[in-house]
Structure formats: C-alpha cells, structure tokens
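Colleague: Could you take me through one part of this model slowly? I'd like to look at the place where the two chains meet.

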Number of protein chains: 2
Amino acid sequence: MQNPGLLKELIQSLTCLPGVGAKSAQRMAFYLLQRNREGGRHLASILERAMAQIHHCRDCRTLTEHEVCEVCSDPLRDDGVLCVVETAADAWLLDQATRFRGKYFVLHGRLSPLDGIGPDQLGIAQLERRLAAGQVKEIILATNATLEGQATAHFIAEIASRHAVLSTRIAHGVPMGGELEFIDSSTLAHAFNGRQAF
Amino acid sequence: MQNPGLLKELIQSLTCLPGVGAKSAQRMAFYLLQRNREGGRHLASILERAMAQIHHCRDCRTLTEHEVCEVCSDPLRDDGVLCVVETAADAWLLDQATRFRGKYFVLHGRLSPLDGIGPDQLGIAQLERRLAAGQVKEIILATNATLEGQATAHFIAEIASRHAVLSTRIAHGVPMGGELEFIDSSTLAHAFNGRQAF
C-alpha cells in the first residue's frame, strides 16, 4: 500500500490527539472504518461543530458554545462564591468531583513572567471588575500547587483583599488513599503544619 | 457545568475510539479546544471524508477510496503472488514490514460457522475466480495462527490445489527477540518441529 491516500491521511491526522501514536492511530482508523462508521461520522460532525462554535464564556472564560456558559447562566448558582482555576478542564473536574454550587473564573494559565504570561493574559482586570462589583463574598483559589500556581493565588488574594473579599485556598496535604511512606517530604511538611482539629 | 452541551457531546463522542475512556476523552477534548483547533478541524474533515468515501477495493477487498486500490492498480506489482489476510489492517502491516511486491486478498474475517461466517462472507467465490483465471502461481496464506485462522488457511489451500496453485503458509515459531523461557509450549513444539537448515 505504497500511497494509500485517504486512509493514510486519516491515520496521520488521528495522531494529532494527545497520547495517540502511529500504532494507536492505525488501530483507531481500522476500527472506525470496519466496525463503527456511524460513530466515526458522528465524531466528525461533533468535532467540526465544537472546533467552530466553542469559545470562552463572556463571564467566566470557560469553554462553551453559548455567549454565557451554563454555570454562569444558572440562576440556582450562588454569585457570592467564586472559584478561580487555571484551566477550563480544572473547572470541569472540580464541578464533577464536588458539590460546589458557586461560580468559576478561568485564568487560562498562571503567572509566568519568563513565558510572557502576566495579568493581562489571565483576564485579571475582568476578575477585578467582578470583585469590585460587590456581589462576591468569597474567592476560592484553586490554582495548582506548583510554584507558579501559588504565586498566582497570592497575587489574586491581594487583589481580593483590596476589595474586602475573603480569599480561601483549597487544602494541600496527603491525597486520600495515600500512604505516608510514598508522599514527598514537602507535601508531608505541609500536611503536618496544616493539621486540623479531629 | 451541569449541562455543558457541545463540550460534553464532544467528550462523549471521543469515547467511540478504541482504547479511549472518559478520562482520555476529556484530555483530548480540552487539548484540541485549547491548543490545537487547527488539528481538530483537519481531523473532523478527514474523518468525515474517510467515513463517506472509503470502501472495499473491487479486486482485493482492502480499504480504499478508489474503485481499485493503489496496490491492485500498481503495474509494478506481481500478479503471480497473492497474499491472503484476514483484515485490511493485516495487509497494511505486512506491506509496511516486508518487501512483498505481490498483491493481497482481504477476507474480512475467518471461517467461523458458530458466528455464521462462511465462505460467502469471506469472498471465497471471488478468490476462486481469481485463482481460476490462471495468473496466480503462488498463494501465501497469512491468516492468523488461531484455530479459526488455521482452518481458513486449510480451506483456501484446498481450493488452490484444485486450480494447481502453490499454497505457502507464513512461518510460525519463536518471535524475533523472544526468549524460549517465555514462549508457550505449543509455539515451542511448532518451532522445534519446523526447524530449518542453518
């Protein structure tokens, strides 16, 4: 099959998916063509619509095909609590894992001056306008537990304090199910110092 | 994100790919939307064309968007040697791994009476017409080394012998790089009995 045209193009273009190499792409292409054309057709159409229509929510910057996302437009959600995350995926994961009924704000990144990512890229001005409006009583800082995520959390906490909004940070410590033996010392120290009444 | 619409649909439809569960599908969807929309758009368009246009080659039954595939229509390929495989993926893999310059015939399955797969489903009549035409001198049986693959190979070998066509079977034995310690006894026995002059 020296010049297999469309089939080869299909295999090639499937490798644009993260974690999919040449072998998996081959398996996927043959699977779709031989056993699940309906699924393949459906995926093509959804993919095309999603790439064209999904953009950032006007209010919280998460991914949505509407002007304002379902969370922001949900009247049952509490406008008083705002959870700040680095990515839309983080907001999605938190919303699935918790019973949080407040709203989100997606930074799409974290402060990283060396990469040229400053407050402007993270929509900090928009966040500050929201805090200034007075509805938000608590801001939950759910950026990553990395150096840059911590710096971003501190930066936003300062802004919040200027607007008299309470800042909280998600807890860091030993993961559930984790055995102390396998936890790194920095996490152990953090968990130890952050102990709570039992 | 109670009713995330299109994003959720995208994640859902990505799980139609083999080996892709809910977690990987999430990762793929966010990756495409945030970092590679161009790749996503390209994949959607190729996928749509592939599902609509790729069908079976008239001569060898492999997957192609043309009436006759590139291998069958290649004048430099030898019509005298025909390699019979169970799937289009097998033909693809063999063609990439070997320097075979003959042609293929794809059964799209193997004899399996319990599943209702008989000669009719495998295009055996078409294969026999091809052997009867007289051009084929050797038929290489490259069906799988399973019970059903062996039975299918025997069945086709009998037809070939009726048309005075030489049947050969790909070699079975210890895989290259394999250590005897880890090879099952049936393969070992086969390899031992099938020893060749060194």
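Modeller: Here is a walk through that interface, ending on one helix. Keep in mind that this is a predicted model, where local features need pLDDT of at least 70 and side-chain atom pairs count only at pLDDT 80 or more, while totals for chains, interfaces and linings use all residues. Residues are numbered from 1 along each chain as its sequence is written, chains are lettered from A in the order in which they are written, and side-chain values use heavy atoms, with hydrogens and water left out.

The contact (heavy atoms within 4.5 Å) draws on 62 residues of chain B and 61 residues of chain A. Together the chains bury about 5700 Å², with 72% of it on carbon and sulfur atoms; that is accessible area (1.4 Å probe) lost by two parts on being put together, summed over both.

On the side of chain B that touches chain A, the elements giving two or more residues are α1, α2, α3 and α4 of chain B. Helices here are DSSP runs (H or I, at least four residues), numbered from the N terminus. With 14 residues, α3(B) gives the most to that side.
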